[in-house]
Amino acid sequence: MKIRVGILQCRKIEFSVGGRFTMTSGEVAQGNFIAEYAAGKILFGGRYYDSLRLEACEGSWFELKNVVIGKEFHWQQYRNERFEGDLVIIADGEELVAINEIDLERYIYSVIASEMSATSFVELLKAHAVISRSWVLSAIDLSRATPSAATTFYTDRSDTDDPVYIRWYERDAHRLFDVCADDHCQRYQGIPSQEPTALREAIDSTAGEVLVYDGKICDARFSKCCGGYTERFSSCWAEVDYPYLTVLPDSDGSRLQPITDEATARSFVLSSPDVFCNTADSNIIRQVFNDYDCSTESFFRWKVTYSVDEISEIVASRSGIDFGSILDLVPVQRTASGRIVRLRIVGTRHTATIGKELEIRRWLSRTHLYSSAFVVDRDDCGRFVICGAGWGHGVGLCQIGAAVMAHKGYSYRSILRHYYPHTVVGNIKGGLLVSE
């Protein structure tokens with residue numbers, strides 16, 4: 001099975017090839033090339049094309065220049081990345097889009113090495129191979145079933161006179177390819193810089209394996225660090241829920257103690273609970289963090305401080321709304337995990353309630369807050385002090401928690417059972433789903 005991955009979108013695409021590629025117009029020798037947008041077409045090699053398709057011969061690769069990773073996050077950067085498979089370039093609007101067509105298992109091989117260290121614990125790599133394979137197949141099925149599904153939703157309904165802005169970002173929004181290569185979908189950064197035995201073992205030993213619930217491949221979401229509790233699906237995306245994506249304590253044998261009020265939320269966020277993802281062991285953290293992730297020092301518990309002028313400027317810039325000076329940030333609704341899914345922003349010129357969790361994180365930071373599980377205080381200088389728990393949306397597998405579980409000797413199937421209750425492992429054989 002082939003996966004179409006969107007890598008890069010811009011007016012000029014610079015790339016190089018190694019080995020042999022073929023086009024309808026003939027063979028492409030190795031070297032450096034430029035494709036440019038020109039009046040609705042692609043200018044390449046002095047000729048104009050409606051689309052370009054470079055098919056790779058065995059052992060060949062292509063390298064795209066200035067690929068953005070971590071788009072709009074605090075670790076955003078540009079890198080040259082090398083890929084296997086075919087390169088397809090098409091025009092979209094007034095830009096070009098570079099797409100990589102690659103075999104599913106080779107795609108998963110790269111995803112695992114992109115999402116975490118390729119030298120990580122074997123059982124962690126196995127667990128991630130299963131969920132990454134499950135997620136992409138589920139995403140493709142969903143996009144084909146609902147190709148025009150909305151990616152955002154707004155409402156102005158409220159119990160008060162204040163406007164309400166609710167927005168979420170679906171992963172089935174891509175029109176020209178199956179998935180993108182960045183954190184919006186799952187990281188795919190081409191041929192791994194390291195290809196250790198553990199990575200090959202993880203892919204080969206779980207080949208075709210997927211998570212299954214009620215006869216369907218699971219939408220197996222994951223995040224960096226849940227902070228102590230995982231989150232339910234509907235807190236982050238559409239108003240549907242799955243029994244395998246719900247609020248759970250990140251520990252063995254602990255019962256869920258719902259965080260239903262501000263006092264409980266404050267106690268939780270300002271505490272250091274005994275959960276899997278509560279670790280400062282750098283050897284374990286390095287199993288999950290790639291080089292650019294290592295700039296993030298505090299993520300299980302974190303703190304940011306803003307002056308009134310600073311938070312007011314950030315909110316205005318990120319929302320496009322002039323709130324004036326921000327007077328207060330008031331949690332309106334929390335989930336059982338302590339995450340805020342409705343936040344009231346009170347300003348001297350405007351007051352509104354926003355959600356869901358990612359929109360809250362976007363409006364309160366020049367990039368993104370680590371999570372929406374936070375409490376707000378004011379210090380003696382009147383500054384806003386935001387203390388929070390976890391990194392990411394928290395839905396599904398917690399990568400740090402799973403690394404700790406693997407370190408403690410849990411098998412990949414035990415890890416999957418912990419983060420995705422009520423699921424079984426199935427296998428894609430001959431294009432058909434077979435449950436074990």
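Me: How many residues of strand S21 (residues 351–355) are buried?
Reply: Five of the five, so S21 is largely enclosed by the rest of the structure. Buried means under 20% relative accessible area, exposed over 50%, and partly exposed in between, with a 1.4 Å probe and protein chains only. Strands (E, at least two residues) and helices (H or I, at least four) are DSSP runs, numbered from the N terminus.

Me: What kind of model is this, and how are residues numbered?
Reply: The model is predicted: local features need pLDDT of at least 70, side-chain atom pairs count only at pLDDT 80 or more, and totals for chains, interfaces and linings use all residues. Numbering runs from 1 along each chain as its sequence is written, and side-chain values use heavy atoms, leaving out hydrogens and water.

Me: Back to S21. Which residues point which way?
Reply: Thr-351, Thr-353 and Gly-355 point one way, and Ala-352 and Ile-354 the other. In a regular strand the side chains alternate between the two faces of the sheet.

Me: Which strands pair with S21, and in what sense?
Reply: Strand S13 (residues 164–166) pairs with S21 in the parallel sense over three bridges. Strand S20 (residues 340–347) pairs with S21 in the antiparallel sense over four bridges. Pairing requires at least two DSSP bridges between the strands.

Me: What stands opposite Thr-353?
Reply: Val-164 stands opposite Thr-353. Arg-344 also has Thr-353 as its bridge partner in S21.

Me: And how many residues sit between S20 and S21?
Reply: Three, and the two strands form a hairpin.

Me: Which peptide bond is cis?
Reply: The bond from Gly-355 to Lys-356 is cis, with omega near 0°. Lys-356 is in the loop between S21 and helix H7 (357–363).

Me: New topic: Asp-219. Where is it, and is it buried or exposed?
Reply: Asp-219 lies in the loop between strand S16 (216–217) and strand S17 (222–223). Its relative accessible area is 5%, so Asp-219 is buried.

Me: What does Asp-219 touch?
Reply: Leaving out residues up to four places away in sequence, Asp-219 touches Trp-135, Ser-138, Phe-233, Tyr-244 and Leu-245. Contact means heavy atoms within 4.5 Å.

Me: Where is Ser-138, and what is it in contact with?
Reply: Ser-138 is in helix H2 (residues 122–145). Neighbours within four places aside, Ser-138 is in contact with Ile-217, Cys-218 and Asp-219. Its relative accessibility is 13%, so Ser-138 counts as buried.

Me: Which other helix is worth a look for burial?
Reply: Take H8 (residues 399–407). Eight of its nine residues are buried, so H8 is largely enclosed by the rest of the structure. Among them are Gln-399, Ile-400, Met-405 and Ala-406. Just after H8, Gly-409 takes a positive phi of about 100°.

Me: Which residues other than glycine have a positive phi?
Reply: Asn-66 has a phi of about 55°. Asp-214 has a phi near 55°.

Me: Where do Asn-66 and Asp-214 sit?
Reply: Asn-66 lies in strand S9 (residues 61–69). At 44% relative accessibility, Asn-66 counts as partly exposed. Asp-214 is in the loop between strand S15 (209–213) and S16. Its relative accessible area is 65%, so Asp-214 is exposed.

Me: How do S22 (residues 374–378) and S23 (residues 384–389) run?
Reply: They run antiparallel, joined by five bridges. Phe-384 is the bridge partner of Arg-378 in S23. The hairpin of S22 and S23 has five residues between the strands, and Gly-382 there takes a positive phi near 85°.

Me: Zoom out. How many helices and strands are in the chain?
Reply: Nine helices and 26 strands. The radius of gyration is 23 Å, close to the 22 Å that the globule rule gives for 436 residues, so the chain is as compact as a globular protein of that length. That radius is taken over C-alpha atoms, and the rule is 2.2 Å times the number of residues to the power 0.38.
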